Amino acid sequence: MYSLMIKNGRLMDKSSGEDRVADIALDKGRIAGIGHFADCEAAAVIDASGCIVTPGLVDMHVHLYPLLPSGIPAEAVCFATGVTTAVDAGSSGCATYPFFRPFIHTSQLRIKAFLNVSTAGICAHPMPEDVDPRKFDPVRIKELFAACPGELMGLKLRTSRDIVGHYGLAPLERALEIADDLGVPLMLHPTDPPCPMETLLNMLRPGDIMSHIYHNIGPTVVDASGHVCDAAWRARERGVLFDAANDRRHFGFSTARICLQDGFLPDIISSDLIGADAFMHPTVYSMPMLASKYLAMGLALEEILPRMTSGPARIMGIDDHTAALRVGFAADIAVFKMIEKKTVFGDRAYGDPKLACISGSKILKPMMTVRKGQIVFRDVEL
């Protein structure tokens, strides 16, 4: 007998070649079978007719640390929106991360993290962190990476003009030196950088992650000709990764439209949710609402979902056991219903004079989330 059977849903997972109506059987926290099961018994059976069944979503850029002002209520937000794996994007630094670890290890959510190169991390949001490179602590950073194998994904630095101030590129230069010594990637926040975007792009190494690629504050990836700059294409060719990391001011339709028209799609679609953003219109709201926004911008669901599942899982090095609908993989599953609903999507909060909006007609509505074979969210309609 299986522990859970999800029947009659449209399985969508490009990484495993699934796009068909079928059943998926779960047992002992794993996917036990995929196909059509007429007579098999299960402790619980869910009829997902008319729904889309995907791997659990991976939000590779979100702020989870519950003891900081920026942290979201992680399980409540993630499980209610189909997210089963989340990566904290540098909320804590080497002095504060040890206090984050008990939360990571007691949560049902699968959590990884980038360590902020700033020693204290983002502990006083909205006040900026201290990015004086003389105060970085490479010894303690190295000790943490040695103590947390498979848990820490890399380093994080925010290099906005109002954060780095007179330090300019010095924090980035030092962060890259530390990352080189550790052999880990750097996740870079570039909104309103203190230099041309080409300078930042040319500094990044294969495996580094440029977040907020569609921001429209200060220099962006769009050059004076109105197209994606050559430096961005060259960076992609040498292995730099690009993360949409939407947030409520680090995404702009003016940049995103040009990038999508030029075929410069993100490797990762993530939320950059903080406490003030979760479930707030018309901005980031949730991962399924982000998928709905990209649908409104003209992408197909088949292009969107891999950037929220198998793509980030591959970058994280966990794609050999999760984020795919494959027998033997972790039973992390999301079920959605595509509903027709006129919706406004914005790139700033209401009241912001720079707010731009578009309208969409479809919403990906979360119906159920399964983590390690256990139902952790379920809509009353299912």
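Leaving aside neighbours within four places in sequence, His212 is in contact (heavy atoms within 4.5 Å) with His61, His189, Pro190, Thr191, Asp243, Ala244, Ala245, His250 and Asp272. That makes a handy place to start a walk through this predicted model, in which local features need pLDDT of at least 70, side-chain atom pairs count only at pLDDT 80 or more, and totals for chains, interfaces and linings use all residues. Residues are numbered from 1 along each chain as its sequence is written, and side-chain values use heavy atoms, with hydrogens and water left out.

**Around His212**

- His212 sits in the loop between strand 11 and helix 7 (230–237); helices (H or I, at least four residues) and strands (E, at least two) are DSSP runs, numbered from the N terminus.
- His212 counts as buried because its relative accessibility is 0%; buried means under 20% relative accessible area, exposed over 50%, and partly exposed in between, with a 1.4 Å probe and protein chains only.
- Ala245, one of the contacts of His212, belongs to the loop between strand 12 and helix 8.
- Ala245 is also buried, at 0% relative accessibility, and its phi is near 35 degrees, a positive value in a residue other than glycine.

- Seven strands make up an open sheet with parallel pairing, in the order 6-7-8-9-10-11-12; two strands pair if DSSP finds at least two bridges between them.
- Strand 6 and strand 12 (241–242) each have a single partner strand and stand at the edges, so one side of each is left without a neighbour in the sheet.
- Two bridges link strand 11 (residues 209–210) with strand 12 in the parallel sense, and Ile209 stands opposite Leu241 of strand 12.
- Strand 14 (residues 357–371) and strand 15 (residues 374–378) run antiparallel and are joined by four bridges, with Gln374 in strand 15 as the bridge partner of Arg371.
- Strands 14 and 15 form a hairpin with two residues between them, and Lys372 in the turn has a positive phi of about 55 degrees.

**Nonpolar cores**

- The largest nonpolar core holds 89 residues, and those with the most contacts inside it are Tyr97, Leu115, Leu155, Leu201, Met210 and Tyr294.
- A second, separate core has 22 residues, including Ile6, Leu26, Ile31 and Ala48.
- A nonpolar core here is a set of buried Ala, Val, Leu, Ile, Met, Phe, Trp, Tyr and Cys residues joined through side-chain atoms within 4.5 Å.
- Not counting residues up to four places away in sequence, Tyr97 touches Ser92, Ile104, Ala113, Leu115, Leu144, Cys148, Glu151 and Leu152.

**Pockets and a cavity**

- On a 1 Å grid over the protein atoms alone, a cavity is a set of points where a 1.4 Å probe fits but cannot get out, and a pocket is an open set with protein on both sides within 12 Å along at least five of seven lines; lining residues have an atom within 4 Å of a point.
- The largest pocket has a volume of about 460 Å³, a volume being the space filled by probe spheres set on grid points joined across faces, edges and corners.
- Of the 24 residues lining the largest pocket, His125, Arg158, His189, Arg249 and His250 are the closest to its centre.
- Strand 9 (152–158) and helix 4 (161–164) are the elements that give two or more residues to the lining of the largest pocket.
- The second largest pocket has a volume of about 230 Å³, and of its 16 lining residues Tyr285, Met289, Ile363, Lys365 and Pro366 lie nearest its centre.
- Helix 9 (287–296), strand 13 (333–346) and strand 14 each give two or more residues to the lining of the second largest pocket.
- The largest cavity is lined by Asp59, Val62, Ile72, Val77, Cys78, Thr81, Val83, Leu273 and Met287.

**Backbone details between helices 8 and 9**

- Most residues other than glycine have a negative phi, and most peptide bonds are trans.
- The peptide bond from His281 to Pro282 is cis, with omega near -5 degrees, and Pro282 is found in the loop between helix 8 (253–261) and helix 9.
- Phe279 lies in the loop between helix 8 and helix 9, and its phi is near 65 degrees, a positive value in a residue other than glycine.
- Phe279 counts as partly exposed, at 38% relative accessibility.
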